[in-house]
Structure formats: C-alpha cells, structure tokens
Amino acid sequence: MSFVFAKPQAGRFYIVAAILVAGLQTLILGYIIQSRASILASGTEVLLKTAPVDPRDFLRGDYVVLNYDISSVPVSTVTGGIPAEAGEQTLWVRLKRQQDGFWGIVESSFKELPAASDTVVLRSMPFYSYGPNNGETIRVEYGIERYYVPEGKGKPLEEARNEGVVSIAASVSSSGAAQIRSLVVDGKPAYEEPLY
Amino acid sequence: MYRGRLERDLSLWVEKGLLEEKTAETLLAEYDGRPASFSLGRVLMGLAAILLGAALLLLVASNWEYIPRLVRVGLMLALIWTVHIGAALLFMRGALATANGLLIIGALSFGGAISLIGQMYHLSGDEQTVMYLWFAVAAVSAILFRSAAVTVVAGFLSWASFAVYIENYDTRWFGFGPYAPLVMAAVVLGLVRFTGADRARHLAYLLVIGWLAWLYALTEEISVAITFAVLGMVAFLLTALPVRPISTLVRTAGAAPAFYSFLVAIMGLFLLHTEMDEGGRMVVVGLLTLAAAVVAIVLHGRDNGAVRYLAYGAFAAEMLYLASVTVGTILGTSSLFLFSGLVVAAVAWVVIRLERRFAAGPGSVEAGEERA
C-alpha cells in the first residue's frame with residue numbers, strides 16, 4: 001500500500017487524514033442512530049409481553065435483560081420446514097394482535113414471509129440452528145433484548161419484570177427489524193423513547 | 001533488551017581494544033536516535049492515552065442521564081473530531097508521541113461512542129459487527145496517519161473481535177466469523193509493514209496461533225493435529241530457504257516467521273501426543289518431535305534465539321515425557337534413549353564440522369545476525 005500514500009508525512013495530508021477518519025466515524029455513528037430513528041418513525045407498533053429471565057455489561061452500564069413470550073418460537077408454527085443441516089439461520093416470525101392487546105406468533109418460517117394485513121413480520125437475529133430434532137421451541141433474539149437504565153435503577157425494573165408486569169412497545173420496520181419505543185410497567189409507560 | 005546486549009558487547013570490545021571508546025559511544029547514540037527504538041517518554045504517552053481512553057469508556061458506562069441524548073452524541077463527536085484534528089496538527093509540528101497518543105484515544109473513543117449509542121437507544125445484539133467496524137476504523141486510521149501506535153490498537157482489537165466470537169458462538173462454525181481472525185491477522189501484518197510497527201507483528205501471529213487452537217477444539221481430529229505439524233514444519237523449512245522472495249520477506253520480518261511456524265508444528269506434535277499416548281505410535285510421535293527440535297536447531301538455532309529456546313524446550317520436555325511414560329519396559333526406554341543419543345550425537349558432529357567450515361571460510365562475516 002505504500003505506493004498509494006507515497007508521502008503521507010507531507011504537511012496538509014495529515015489534516016485530510018484527520019477529516020477522513022473523523023468523518024468516517026461520524027458517518028457510521030450517524031447511520032446507526034438514523035436507522036433506529038427511521039424504524040421508530042415509520043414502523044408498525046406492537047405490544048410485547050416479557051417473560052422472567054442480570055448480567056452487567058462492562059461498557060454499557062446497567063441494563064435489564066428482556067425475554068419475550070415470542071422469544072421462544074413453537075416448532076408447530078414453522079411453515080416450509082426446518083433446514084436439516086445445523087448452522088446459521090434466520091427465522092421470520094409473523095405476529096398478530098391477540099384479544100388481550102399483546103401480539104403473539106401465528107406463523108414462522110426459515111424463509112422470508114410475505115406481508116399480510118393485520119399482521120407484522122419480525123426478523124430474528126441470525127442464530128445457530130441445531131436442525132429439526134431439537135425440542136418443541138426455537139430460541140431466537142430480535143435485537144430488543146436489552147433495556148438500559150441509569151445506574152442503580154435496574155433492580156426495581158427487574159423485579160417488576162419477574163412479576164410479569166413489564167411489557168414493551170416496539171416498532172417494526174417493513175424489513176422486519178424492531179426497535180424499542182417504550183417500556184410499559186403495569187400498563188403505564190415508564191420510559192418513553194424519543195426519536196433521537 | 002537489544003540495547004542492553006549492545007551496550008555490553010560494545011564495552012567488551014572497547015576493553016579488548018577492538019573499538020575506540022568514542023566509536024562505541026557514537027554507535028550507541030546512533031541506536032538511541034533511531035525512531036523505532038525504545039523511548040520511555042513515548043511508552044508513557046501511549047499508556048497515558050490508554051488510561052484516558054479507558055476513563056472515557058467508563059464515563060460512557062456510567063450512563064449519565066442528566067445530559068440529553070443528542071448533547072451526549074454531540075460531545076462524543078466533538079471529542080472524535082478534536083483528537084483527530086489535534087493529532088494532525090501535532091504530526092505537522094513533529095510532536096509524534098503526543099500525536100500518536102491522541103490517535104489512540106481517537107480509535108478507542110469510536111468504540112466508546114458505539115457503546116454509548118447502543119446504550120442510549122437500547123440496541124442489543126450484533127456485537128460482532130461492532131467489533132469488525134471498530135477494527136476497520138482503527139485500520140483506516142493507522143493507514144492514513146501511518147501510525148504504528150494505532151496499528152497496535154488494531155492488533156488488540158483483532159483479538160477482542162475473536163474473543164467476542166468465541167463468547168457468542170463458542171466452538172460453532174457461524175457465518176463469516178471463523179474467517180475473520182485470518183483476515184484481520186493479514187490486515188495487521190500489512191499495517192505492520194506499512195507503519196513500521198515491528199513489535200505488533202506478534203499480535204497477528206499470536207491471533208493465528210489462537211485461531212488454530214480454536215480450530216482444533218472445533219474438530220478434535222487427529223488429521224488436524226497432523227496438518228498443523230506437517231504444515232508448520234513445511235513453513236518452517238521454507239523460512240530457511242535462501243530463495244529470493246522468501247528470504248527477503250523472512251529477513252525483514254525478523255525472528256517471527258520461523259518461530260511461529262515452528263510453534264505451530266510443535267503445537268501439532270503436542271496435540272498428537274495427547275491423542276496417541278501409548279504403544280508404537282507414541283514412540284513415532286516422540287521421535288518426530290525430537291527430530292523436529294534438532295532440525296530447528298540446525299536450521300535456525302544460530303541466528304534465531306526464540307526458535308533455539310523453543311526447540312530446546314520441546315526437546316527437553318519430550319525427553320522427560322518419554323522417560324516418564326516408559327516405552328514398553330524400562331529396557332525399551334533405555335534403548336530408545338540410546339538410539340536417540342547416538343543420532344543426536346551424529347547430528348552434533350555434523351553441525352560442529354559445518355560451523356567450523358563456516359567460521360574458516362572467507363565469507364565468515366555473517367549477515368544474518370538479526371534477532372527478535
């Protein structure tokens with residue numbers, strides 16, 4: 001590569017380098033923030049029930065681990081078969097609003113599901129599938145499994161979660177990505193999430 | 001390390017009257033003046049930068065709720081721009097140590113910024129992508145600023161990335177992840193050559209060694225261990241070949257290629273030992289290990305201290321192992337040692353004769369005195 005930057009030491013090149021590096025970092029950070037905000041702004045809102053499951057992330061302070069009813073996908077809902085080979089897979093999960101207001105699984109597939117009225121298709125994070133013979137449910141994550149709270153405020157929230165009174169309102173984009181819109185305790189929003 | 005040896009040798013030569021004291025001082029001064037040589041100030045500046053970077057990351061972790069999100073993002077971006085522009089200005093003024101310190105902070109603060117955003121917006125999952133991005137940004141910074149310090153940061157980030165993979169997927173083969181350490185090691189080696197960060201070379205080699213160990217844990221097949229032993233030995237023999245492109249590459253990389261290829265071979269032999277711990281197969285593996293150690297000493301023992309000690313270590317460990325397990329009977333072990341002793345003595349005899357011939361020959365001034 002030395003021929004590309006034959007003389008990087010030359011004076012103003014450093015300023016160009018600084019702008020390129022800082023600019024690249026800014027672009028990446030901006031992209032992360034914007035892609036989340038756009039999901040919140042234009043996605044479909046679903047209400048998800050959490051299930052009882054606290055680790056501490058070195059870099060990210062306190063957070064509550066969220067486990068949803070829809071995190072365990074019943075094998076009986078899978079259409080189109082389960083890949084025979086173990087390996088990296090993605091699961092598409094179709095949610096529908098139930099009578100109690102929460103959204104539940106009506107269908108799932110290892111291939112992309114088409115959009116249908118009154119339902120929302122959620123795409124799981126890539127996960128390791130052990131193939132067809134592995135229990136009655138498949139564990140998946142959707143990228144909304146952590147809720148960060150100010151240091152020291154995680155415990156009460158965890159207790160509330162374990163009592164089963166915490167639910168999450170999430171926004172789902174047309175491509176199936178989800179973001180947390182608000183955390184609801186006992187039916188009342190405890191933390192609202194602004195766009196930015 | 002090298003400076004200490006150099007100083008000792010120089011004073012010895014002055015004592016013997018081989019060298020003027022003035023020349024010795026000039027030589028030392030020349031060595032101290034080299035940009036790559038050890039400078040306490042530079043190292044302390046690097047450590048200070050790492051501490052400041054860590055302080056920053058922990059500040060992020062404390063999750064200051066009193067500052068609005070956008071202000072926090074703004075502060076983070078301001079920091080990123082300030083350290084990079086500051087580094088550029090310092091480079092132009094020639095204040096290399098401080099400039100590199102700022103670049104280290106810049107590379108670390110990018111990871112901090114991503115964590116901060118993940119925390120503020122409750123983004124979870126995909127730590128692996130974050131590690132790839134972080135490594136890539138550090139690599140770009142190292143190239144553009146031609147910074148050896150950031151190359152070291154990139155080297156450690158490549159480890160961190162592999163660690164995240166192992167934490168998430170353990171010994172499962174998942175997507176592109178398993179290939180990433182190899183790609184990153186290659187990138188780091190390229191950065192090492194481009195920025196002159198010679199010592200960071202070890203980070204790349206060690207990553208590959210760790211990756212190979214993981215590969216074995218993944219399969220636990222004898223064939224993998226045999227492949228390690230054979231390919232490691234072949235690569236090691238290649239580093240000793242006096243053929244043009246190889247010899248130039250090897251010479252400019254110092255002791256590392258020979259040492260690490262030999263280490264892979266030894267690793268393979270060690271794993272074979274754990275698989276074959278009795279009978280004739282064990283004796284064969286044991287003899288192969290002894291032979292590998294002797295070959296290593298013959299080929300690189302003279303110029304490459306690291307290879308020499310690894311070979312001594314492997315040889316001694318093998319002897320102790322064979323003595324402790326007993327081959328069949330005590331008499332069997334005894335004859336094995338007798339046989340190996342005779343072979344090693346024969347090799348020693350040949351080597352001594354060769355060394356004498358080299359020493360007596362006209363080209364006795366050896367050029368390959370490079371050491372790790």
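Mentor: In this predicted model, E13(A) and strand E14 (residues 178–185) of chain A pair in the antiparallel sense, with seven bridges between them.

Trainee: Which residue of E14(A) does Ile168(A) stand opposite?

Mentor: Ile168(A) stands opposite Leu183(A). The hairpin of E13(A) and E14(A) has five residues between the strands, and there Gly176(A) takes a positive phi near 95°.

Trainee: Why is strand E13 (residues 166–172) of chain A described as largely enclosed by the rest of the structure?

Mentor: Burial is judged by counting neighbours: a residue is buried if 20 or more other C-beta atoms lie within 10 Å of its own. Six of the seven residues of E13(A) are buried, so the strand is largely enclosed by the rest of the structure.

Trainee: Let us turn to the interface. How many residues of chain B are in contact with chain A?

Mentor: There are 46, and they touch 39 residues of chain A. Among the elements of chain B that give two or more residues to this side are helix H3 (40–61) and helix H4 (69–93). H4(B) gives the most, with twelve residues.

Trainee: How do the residues on this side of chain B divide into nonpolar, polar and charged?

Mentor: The side of chain B that touches chain A has 28 nonpolar, 13 polar and five charged residues.

Technical notes: Residues are numbered from 1 along each chain as its sequence is written. Chains are lettered from A and ligands numbered from 1 in the order in which they are written. This is a predicted model: local features need pLDDT of at least 70, side-chain atom pairs count only at pLDDT 80 or more; totals for chains, interfaces and linings use all residues. Two residues are in contact if their C-beta atoms, placed from the backbone, lie within 7 Å. Helices (H or I, at least four residues) and strands (E, at least two) are DSSP runs, numbered from the N terminus. Ala, Val, Leu, Ile, Met, Phe, Trp, Tyr, Cys and Pro count as nonpolar, Asp, Glu, Lys and Arg as charged, and the others, Gly among them, as polar. A residue is buried if 20 or more other C-beta atoms lie within 10 Å of its own, exposed if 12 or fewer, and partly exposed in between; C-beta atoms are placed from the backbone. Two strands pair if DSSP finds at least two bridges between them.
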